[in-house]
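Visitor: Can you walk me through this one? I'd like to go element by element and ask as we go.

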Amino acid sequence: MPTYSKELLKGAADTLVLSSFADGEKYGYQVVKELERRSEGFFCLKEGTLYPILHRLEKQGLLTGRWETMPNGSERRYYVLTGKGRRALSDKLNEWQTFAQAVGRVTGSLALDWNEVR
Amino acid sequence: MERDEIDEWSRSLPLPGRRRRSIARELRAHLADSRRELELAGWHPEAAARESLRRLGDPAEMAEGFVQVYRRPRRATIGLAFGLATALMLGIYGASGTFASASSAHTHPSRAHVTHSSHVKQAAEPGVKRQR
């Protein structure tokens, strides 16, 4: 089981969730599975924690949701990025990549040294 | 948290009924997808139901997440309270002002009398024609 601090995930949560809508609309369960698959199992969230994030992003006008009934009678709530959401995603991707690169430049060589000490 | 407990859990959320029902409906849909996938992977239905609930996580943490999303911002609450208090005070001041002027007319009839008598006096003065 991969470990990372809750705070670190909190800082990246919106970017990760918005990213999973880059290729179209999805429902909550699909987002959870997509995050697991694309992170190669690194982001195994407690699935319930995703929904307050989806609702917050919808409240902020970055996502919009709609209910759909499947042919088998089951229901799903699909979300899709709004125009504002697409712009926010673009900003967040730039911000995150710049930030991650800067962290990497500072800590990259150190991490190797400290691993040798351990 | 069993499936029926989603209803119980959602009823405990300090949110409007419509919002609570919508959240419960969405979580039930999630559990149905999760269970179906586990069963397809060979899980026994009962074990799949338990596992899908386990994967959903801590109910209290989830509730806290939703409450944070839909809670009115503290600043807005303070602003609303301040606005109401100001409106109330202005209302009381306005009402007391009206009352004070009304009561002064009642408690000082002489003022009204003076005004009235000056008219009378003016009308009664010789050389002043009354105009109708």
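Guide: From the N terminus on, chain B reads α-α-α-α-α-α. Note that this is a predicted model.

Visitor: How many helices and strands is that for chain B?
Guide: Chain B has 6 helices and 0 strands.

Visitor: And what pattern does chain A follow along the sequence?
Guide: Chain A goes α-β-α-α-β-β-α, which comes to 4 helices and 3 strands.

Visitor: What order do the strands of chain A take in the sheet?
Guide: The order is β1-β3-β2, in an open sheet of 3 strands with antiparallel pairing. The edges are β1 (26-27) and β2 (63-69) of chain A; each has a single partner strand, so one side of each is left without a neighbour in the sheet.

Visitor: How many bridges join β2(A) to β3(A)?
Guide: There are 7 bridges between β2(A) and β3 (residues 75-81) of chain A, and the two strands run antiparallel.

Visitor: Which residue other than glycine has a positive phi?
Guide: A:E40 is one, with phi near 55°. For background, most residues other than glycine have a negative phi. A:E40 sits in the loop between α2 (28-38) and α3 of chain A.

Visitor: Is A:E40 buried or exposed?
Guide: A:E40 is exposed, because it has 8 other C-beta atoms within 10 Å and the cut-off for exposed is 12 or fewer.

Visitor: Back to the sheet. Which helix lies across β2 and β3 of chain A?
Guide: That is α3 (residues 50-59) of chain A, which runs at about 120° to β2(A).

Visitor: At what angle do α1(A) and α3(A) cross?
Guide: The axes of α1 (residues 6-19) of chain A and α3(A) cross at roughly 80° and come within 11 Å. So α1(A) is roughly perpendicular to α3(A).

Visitor: Which residues make that contact between α1(A) and α3(A)?
Guide: On α1(A) they are A:A13, A:D14, A:V17 and A:L18, and on α3(A) they are A:I53, A:L54 and A:L57. By class, the contact has 6 nonpolar, no polar and 1 charged residues.

Visitor: Now overall dimensions. What radius of gyration does chain A have?
Guide: Chain A has 17 Å, whereas a compact globule of 118 residues would have a radius of gyration near 13 Å. The C-alpha trace of chain A spans about 60 × 30 × 20 Å along its principal axes.

Visitor: What share of the residues counts as buried in chain A, and in chain B?
Guide: In chain A, 21% of the 118 residues count as buried. In chain B, buried residues make up 13% of the 132 residues.

Visitor: Let's go to the interface. How many residues of chain B are in contact with chain A?
Guide: 18 residues of chain B are in contact with 15 residues of chain A. The elements of chain B that give two or more residues to that side are α2 (17-40), α3 (45-56) and α4 (59-70).

Visitor: Which of them gives the most?
Guide: α2(B) does, with 8 residues.

Visitor: How do the residues on that side of chain B divide by class?
Guide: The side of chain B that touches chain A divides into 7 nonpolar, 5 polar and 6 charged residues.

Visitor: Last one, on B:R72. Where is it found?
Guide: B:R72 is in the loop between α4 and α5 (74-107) of chain B. B:R72 is exposed, with 8 other C-beta atoms within 10 Å.

Visitor: How far apart are B:R72 and B:R25 in space?
Guide: They are 23 Å apart, C-alpha to C-alpha, and 47 residues apart in sequence.

Conventions: Residues are numbered from 1 along each chain as its sequence is written. Chains are lettered from A and ligands numbered from 1 in the order in which they are written. This is a predicted model: local features need pLDDT of at least 70, side-chain atom pairs count only at pLDDT 80 or more; totals for chains, interfaces and linings use all residues. Two residues are in contact if their C-beta atoms, placed from the backbone, lie within 7 Å. Ala, Val, Leu, Ile, Met, Phe, Trp, Tyr, Cys and Pro count as nonpolar, Asp, Glu, Lys and Arg as charged, and the others, Gly among them, as polar. Two strands pair if DSSP finds at least two bridges between them. Axes are lines fitted to C-alpha atoms, for helices over the stretch in contact, and angles run from 0 to 180 degrees between N-to-C directions. The radius of gyration is taken over C-alpha atoms; the globule rule is 2.2 Å times the number of residues to the power 0.38. A residue is buried if 20 or more other C-beta atoms lie within 10 Å of its own, exposed if 12 or fewer, and partly exposed in between; C-beta atoms are placed from the backbone. Angles under 35 degrees count as roughly parallel, over 145 as roughly antiparallel, 65 to 115 as roughly perpendicular and the rest as oblique.
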